[in-house]
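Have a look at the model first.

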Amino acid sequence: MLPHLDAAYRFARWLGNTRADAEDIVQEAMLRAFRAHGALRGEPRPWLLTIVRNCHVDAHRERQRETSGRGALRDEPLAGFGPDPQLAAIQSQGEAQLQRLLGELTPEQREVLALRELAELSYREIAALLTVPIGTVMSRLARAREALQEHWTREPDHGVC
Amino acid sequence: MACAESLRVQAYFDAELPPGEARALEEHLNECAACRAQLQVLGAQRARLRVASEGINASRALSTRVSAALAAAEDAGRSRQRERRTFWFGALGGALAGACAVALVFLGAQRLRPDALTQVAAQHVSALAGDALIQMRSSSHHTLKPWFAGRSDVAPVVADFSDEGYPLLGGRVQRLAGSRAAVLVYAHGAHVLEVFSWPAPAGAVPLPRTVHGYHLLAWQSGDVRSCLVGDAAWPELQRLAGLLQERARLEAVPP
């Protein structure tokens, strides 16, 4: 129906958002994309996904501001696929599986992996988006993949070899 | 276990190595079991993640919600544009010379021209999301053409191209750029393609473009502007546009 909606939602989930947060982020991203479609250069899908990523960062910042205002911990990690019985009950199988697969990655590792594997951005594009050198993208990506492999080998039913 | 080349293996896997270096790495792979194993692991990871990701899809509720939000944003954009126009014409108040007015009308047309196509895209998307896609279901021009008479401001070219792979499903009438546009709905495989036609003076036809992933292809026949919209590939849109334009040419010539 709406083009790239699934990809956008998937991406928001990869970044570690709960279902509800991912939906809010996707709606905001689609609106931003709609308002800015004149700025579109090249392929629409990676463009939209980088907008999703920006909305995700903004939403997280917003949440952090709110919680720090109430005197909570400042360096709270990104909302992950934490155990939420209500949510788990309605989570589809695919979502539960991804949760297991990406389980132990840090937010930073999830992000770089999502940009590479889902958005299919080049190293250069990822570097520009995250404002880090290309070397950092490569090492971060390598660490994410090693962590993934370690996690999968430790839990045999997720292992790939 | 990891070889010193491990980062370059990853770059090779991600298709980031220039051809010369990729060839050099392929030679290295022939000799290094560790790098071959790494490459295999990377491939397996990617496959695994792809499969898991494909199980995650936006809910219908989200799709409806986003469509509604986009339609609201589209409406807001339109009324803002109207306000701007009212302001300009009010400020002018006839004080400016004719030349200025002509220039402004031209500028206004420039600004409005891309807007009609954006409207086509938005209306196509909301028609797909709702149930008002087809008001008159018919593939026959004997039925559909008279149905448009009186309902739409234009008598569009109505033709079924089932034999070419574009069966005509039906039509509807929709407000567009201040007139009642005729919309023809075609199927093409799993895609829905729509042709919007509305009265417009001959002039520069907007270039093909893509809005939210939907391709828009406009053309002009006489004083009717048509725009084909859909998520099929460009060549498939061009083919249907070609068929329609040819039909329009045939119909325009008196026997």
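A residue counts as buried if 20 or more other C-beta atoms lie within 10 Å of its own, exposed if 12 or fewer, and partly exposed in between, with C-beta atoms placed from the backbone. Helices (H or I, at least four residues) and strands (E, at least two) are DSSP runs, numbered from the N terminus. This is a predicted model, where local features need pLDDT of at least 70, side-chain atom pairs count only at pLDDT 80 or more, and totals for chains, interfaces and linings use all residues. Residues are numbered from 1 along each chain as its sequence is written, while chains are lettered from A and ligands numbered from 1 in the order in which they are written.

**Strand β7(B)**
- β7 of chain B, residues 224-230, is mostly covered, with seven of its seven residues buried.
- Val224(B), Ser226(B), Leu228(B) and Gly230(B) point one way, Arg225(B), Cys227(B) and Val229(B) the other, and all are buried.

**Its partners** (two strands pair if DSSP finds at least two bridges between them)
- β4(B), residues 191-199, runs antiparallel to β7(B) over six bridges, and Val195(B) sits opposite Leu228(B).
- β6(B), residues 214-221, is also paired with β7(B) in the antiparallel sense, over seven bridges; here Leu216(B) has Val229(B) as its bridge partner.
- β6(B) and β7(B) make a hairpin with two residues between them, and Gly222(B) in that turn has a positive phi of about 60°.

**His28(B)**
- You'll find His28(B) in helix α2 of chain B, residues 19-31.
- His28(B) is partly exposed because 16 other C-beta atoms lie within 10 Å.
- Setting aside neighbours within four places in sequence, His28(B) is in contact (C-beta atoms, placed from the backbone, within 7 Å) with Glu5(B) and Cys35(B).

How values were computed:
Contact = placed C-beta atoms within 7 Å.
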